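Let's take a walk through this structure together, one stop at a time. Keep the view open and follow along as each part comes up.

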Amino acid sequence: MITLGIMQPYFLPYIGYWQLMNYVDQYVIYDNIKYTKKGWINRNRFLQNSTDALFTLPLKSGSDRLNIVEREIADVYDARKLLKVFHQAYKKAPYFDETFALCENILLSAETNLFKFLHQSIEHVCSALSISTPRVVSSNLPVEHESLAAQSKVIAICRALETNHYINPIGGLELYDRHAFEIQGIQIKFLRTNNIVYQQFANPFVPNLSILDVLMFNGASRTRDLLFEFTLE
């Protein structure tokens, strides 16, 4: 049995993203999929003054028809300014030094292409968390990328990679039709992250923040243990 996960690249996403990648046997990262403004591709949430706040990777203006790989980071992006924000927010966190070093490696990249920047960041976090799952970029697969979308494209990728077990985050429960997968000989399951709670600076706990927050308060070792805190439905 070969399990497969497929996701867009996101900017330092929450722990569920890494749980999925760590669990499956092979992972596909979309580069040829439309960029969505209201998603989490170039933004996420962190802890600031005991509440959640957004951090964003600014992008150059571009058509809504452009794929992620066709988008560019804006010239106004100031990595050191964002690092200063993270430093101020987390400087007293127990695992600040090791996590801030990871942030520097990611944010100070000279890469300006959105997909390549995010891809690099994913590789950095995978290294920190010892996630060794083989990863492939979607455009390298022999699939009719332009004519297929959503569920049909996922099924085509499963068939191209000869897998009959597809795992999706729980958010896809209402997006995908189990029967449509089953008639193609593919079993689909959904990964639901457990109710993970850890000590932040103060109560109440603010959940579902960027992996940055998890690492700041748990370190890489404990965060690796948290990768297994999920259920499959």
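Just past helix α5, glutamate 162 adopts a positive phi of about 55°. (Helices here are DSSP runs of H or I with at least four residues, strands are runs of E with at least two, and both are numbered from the N terminus.) This is a predicted model, in which local features need pLDDT of at least 70 and side-chain atom pairs count only at pLDDT 80 or more, while totals for chains, interfaces and linings use all residues. Residues are numbered from 1 along each chain as its sequence is written, and side-chain values use heavy atoms, with hydrogens and water left out.

Step back into α5 itself, residues 150-160: its buried residues are Gln151, Lys153, Val154, Ile155, Ala156, Ile157 and Cys158. Buried means under 20% relative accessible area, exposed means over 50%, and partly exposed is in between, using a 1.4 Å probe and protein chains only. What covers those buried residues includes β1 (3-7), β2 (26-29), β6 (165-169) and α6 (178-182).

Helix α5 also turns up at the largest pocket, where it gives the largest share of the lining, four residues. That pocket holds about 960 Å³ of space. Lining it are 38 residues, and Met7, Gln8, Tyr10, Leu175 and Tyr176 lie nearest its centre. How is a pocket found? On a 1 Å grid over the protein atoms alone, a pocket is an open set of points with protein on both sides within 12 Å along at least five of seven lines, whereas a cavity is a set where a 1.4 Å probe fits but cannot get out; lining residues have an atom within 4 Å of a point. Grid points are joined across faces, edges and corners, and the volume is the space filled by probe spheres set on the points. By type, the lining splits into 19 nonpolar, 14 polar and five charged residues. (Ala, Val, Leu, Ile, Met, Phe, Trp, Tyr, Cys and Pro count as nonpolar, Asp, Glu, Lys and Arg as charged, and the others, Gly among them, as polar.)

Now for the rings. The whole structure has 19 aromatic pairs. One of them joins phenylalanine 46 and phenylalanine 55 edge-to-face, at 5.9 Å centre to centre with 65° between the planes. Rings of Phe, Tyr and Trp (its six-membered ring) pair if their centres lie within 6.5 Å; planes under 30 degrees apart are stacked, over 60 edge-to-face and the rest tilted. Phenylalanine 46 is buried at 2% relative accessible area, and phenylalanine 55 is buried at 2% too. Tyrosine 198 and phenylalanine 205 make another edge-to-face pair, 4.8 Å centre to centre with 80° between the planes.

Is serine 210 buried or exposed? Serine 210 counts as buried because its relative accessibility is 0%. Setting aside neighbours within four places in sequence, its contacts (heavy atoms within 4.5 Å) include Leu12, Tyr14 and Phe55. That loop between β7 and α7 also holds proline 204, and the peptide bond from asparagine 203 to proline 204 is cis, with omega near 0°.

Finally, asparagine 49 has a positive phi of about 55° although it isn't a glycine. Asparagine 49 sits in the loop between β3 and β4 (51-56), exposed at 73% relative accessibility.
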